[in-house]
Amino acid sequence: MAKKYVLKLDAHERMEFERVVSKGKAAARKIQRARALLMCDQGPEGPGWTDERIAEAYGCTTRCLEKWRKQAVELGPFSLMERKASLQPFISSKLDGEKEARLVALACSQPPAGRARWTLRLLADRLVELEVVDAISHETVRRALKKIALSRGAR
């Protein structure tokens, strides 16, 4: 079957990828992609290996190689060397340092009357009652307490 996206590297691109491979000081992801693209090269200097042979040699799938080749043809071969920007915006935590301190103080205090200990849901509800946060889930409380416990060396 004929390849839909045929990669032909020019001398400059080939030299840059060979530099990345030979230097060995780049991320493993970059080195793997550079090696694979060098073998995909159908130009006059390229070996033009088959996808199956490249996949076996460099530990990736043929589908992955197809995607890499498509991206290299459409966006340029150097686009594979950079990470894509995240499509999801960064969401800050509802609990900053001061709010986490209030959570820890609350968790270390006496539990409500009729209770033997604090539950995550009780802590979340109490944080809302005390107007520390507008709304918070018990999962967020769990993650915050786990993070605090791990940072103190407890397991």
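Biologist: Which residues does Val6 touch, not counting those up to four places away in sequence?
Modeller: Val6 touches Gln42 and Val73. This is a predicted model. Val6 itself lies in the segment before helix 1.

Biologist: Why is Val6 called partly exposed?
Modeller: Its relative accessibility is 40%. Buried means under 20%, and exposed means over 50%. The value for Val6 falls in between, so Val6 counts as partly exposed.

Biologist: How far apart are Val6 and Ala135 in space?
Modeller: They are 53 Å apart, C-alpha to C-alpha. In sequence, 129 residues separate them.

Biologist: Now for helix 1. Why is Arg14 called buried?
Modeller: Arg14 sits in helix 1. Its relative accessible area is 10%. The cut-off for buried is under 20%, so Arg14 is buried.

Biologist: What is Arg14 in contact with, leaving aside neighbours within four places in sequence?
Modeller: Its contacts are Leu9, Leu38, Asp41, Glu45, Gly46 and Pro47.

Biologist: What puts the buried residues of helix 1 on the same side?
Modeller: Those residues are Glu13, Arg14, Phe17 and Val20. Around the axis they cover an arc of only 125 degrees, so they share the same side of helix 1. Helix 2 is included in what covers them. Ala11, Ser22 and Lys23 are exposed on the face turned away from that buried side.

Biologist: How do you know that the span of helix 1 is close to the expected one?
Modeller: Helix 1 has 13 residues. From first C-alpha to last it reaches 18 Å. At 1.5 Å a residue, 18 Å is expected.

Biologist: Why are helix 2 and helix 4 called roughly perpendicular?
Modeller: Their axes cross at roughly 80 degrees. Angles of 65 to 115 degrees count as roughly perpendicular, so this pair qualifies. The two axes come within 11 Å.

Biologist: Which residues make that contact?
Modeller: Helix 2 supplies Gln32, Arg33, Ala36, Leu37 and Cys40. Helix 4 supplies Leu65, Trp68, Arg69 and Ala72. By kind, they divide into 6 nonpolar, 1 polar and 2 charged.

Biologist: On to helix 5. How do you know that its buried residues line one face?
Modeller: The buried residues are Glu100, Leu103 and Leu106. Seen down the axis of helix 5, they fall within an arc of 120 degrees, so they line one face.

Biologist: What is exposed on the other side of helix 5?
Modeller: Gly97, Glu98 and Cys108 are exposed there.

Notes:
Residues are numbered from 1 along each chain as its sequence is written. This is a predicted model: local features need pLDDT of at least 70, side-chain atom pairs count only at pLDDT 80 or more; totals for chains, interfaces and linings use all residues. Side-chain values use heavy atoms; hydrogens and water are left out. Helices (H or I, at least four residues) and strands (E, at least two) are DSSP runs, numbered from the N terminus. Buried means under 20% relative accessible area, exposed over 50%, partly exposed in between (1.4 Å probe, protein chains only). Contact means heavy atoms within 4.5 Å. Axes are lines fitted to C-alpha atoms, for helices over the stretch in contact, and angles run from 0 to 180 degrees between N-to-C directions. Angles under 35 degrees count as roughly parallel, over 145 as roughly antiparallel, 65 to 115 as roughly perpendicular and the rest as oblique. Ala, Val, Leu, Ile, Met, Phe, Trp, Tyr, Cys and Pro count as nonpolar, Asp, Glu, Lys and Arg as charged, and the others, Gly among them, as polar. The arc is that of the directions from the helix axis to the C-beta atoms. The expected span of a helix is 1.5 Å times one less than its number of residues.
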